Amino acid sequence: MSWLFLFVSIVLEVTGTTFLKLSYGLTKLLPSVLMFVFYALSFVALALALKRIDLSIAYAIWAGLGTALIASIGIIAFQEPLTPLKAASIAMIIAGVVGLNLSGGGH
């Protein structure tokens, strides 16, 4: 169940970050409010995940997958350029997350 909470937390954080972009510097009310709601829910789910997953592993996966997902959303939804360096960097983030999982960091 802890792993489910971790992945829900990642999705909520990525959603919050997407609303951060859509808030245009916190000048649009609804996206700004939704950003705070999704960030808060993300931290609740992360806290629940940390009951059974090591902090170092959970946070690295949370940050790494969140970064890779938000970079992908930027490319797809916001037409940000996909350079070879950006693609390689996203691949390295994913490889790092896989490596952390293989290290057996969960309880």
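## Helices and overall dimensions

The chain contains four helices and zero strands, and its elements follow the pattern α-α-α-α along the sequence. Helices (H or I, at least four residues) and strands (E, at least two) are DSSP runs, numbered from the N terminus. The model is predicted: local features need pLDDT of at least 70, side-chain atom pairs count only at pLDDT 80 or more, and totals for chains, interfaces and linings use all residues. Residues are numbered from 1 along each chain as its sequence is written, and side-chain values use heavy atoms, with hydrogens and water left out.

The C-alpha trace spans about 40 × 35 × 15 Å along its principal axes. Of the 107 residues in the chain, 31% are buried (buried means under 20% relative accessible area, exposed over 50%, partly exposed in between, with a 1.4 Å probe and protein chains only). Contact means heavy atoms within 4.5 Å. Among contacts between residues at least 6 apart in sequence, 68% join residues at least 24 apart.

## Packing of α1 against α3

Two packed helices are described by the angle between their axes and the distance between the axes. Here axes are lines fitted to C-alpha atoms, for helices over the stretch in contact, and angles run from 0 to 180 degrees between N-to-C directions. Helices α1 and α3 pack at an angle of about 40°, with their axes 9 Å apart. They are therefore oblique to each other; angles under 35 degrees count as roughly parallel, over 145 as roughly antiparallel, 65 to 115 as roughly perpendicular and the rest as oblique.

The crossing of α1 and α3 is right-handed (left-handed if the near helix is turned anticlockwise from the far one by less than a right angle, right-handed if clockwise). On the α1 side the contact is made by Trp3, Leu6, Phe7, Ser9, Ile10, Glu13, Val14, Thr17 and Thr18, and on the α3 side by Ile57, Ala58, Ile61, Trp62, Leu65, Gly66, Leu69, Ile70 and Ile73. By class, these residues divide into 13 nonpolar, four polar and one charged. Ala, Val, Leu, Ile, Met, Phe, Trp, Tyr, Cys and Pro count as nonpolar, Asp, Glu, Lys and Arg as charged, and the others, Gly among them, as polar.

## Packing of α3 against α4

Helix α3 (residues 55-77) packs with helix α4 (residues 84-102) at an angle of about 155°, and their axes are 9 Å apart. The two helices are therefore roughly antiparallel to each other. The crossing of α3 with α4 is left-handed.

From α3, the contact includes Ile57, Ala60, Ile61 and Gly64; from α4, the residues include Lys86, Ile90, Ile93 and Ile94. The contact of α3 with α4 has 12 nonpolar, three polar and one charged residues.

Ser9 is found in helix α1 and is buried, with a relative accessible area of 0%. Not counting residues up to four places away in sequence, Ser9 touches Ser42, Ala45, Leu46 and Trp62. A polar atom of the Ser9 side chain lies 2.8 Å from the backbone oxygen of Ser42.

Thr17 also belongs to helix α1 (residues 2-22). Thr17 is buried, with a relative accessible area of 18%. Apart from residues up to four places away in sequence, Thr17 touches Tyr39 and Ile70. The side chains of Thr17 and Tyr39 make a polar contact (2.9 Å); the term denotes a pair of N or O atoms within 3.5 Å where, within protein, one must be able to donate a hydrogen and the other to accept it, and residues adjacent in sequence count only if both atoms are side-chain atoms. The C-alpha atoms of Thr17 and Thr67 are separated by 10.0 Å, with the two residues 50 apart along the chain.
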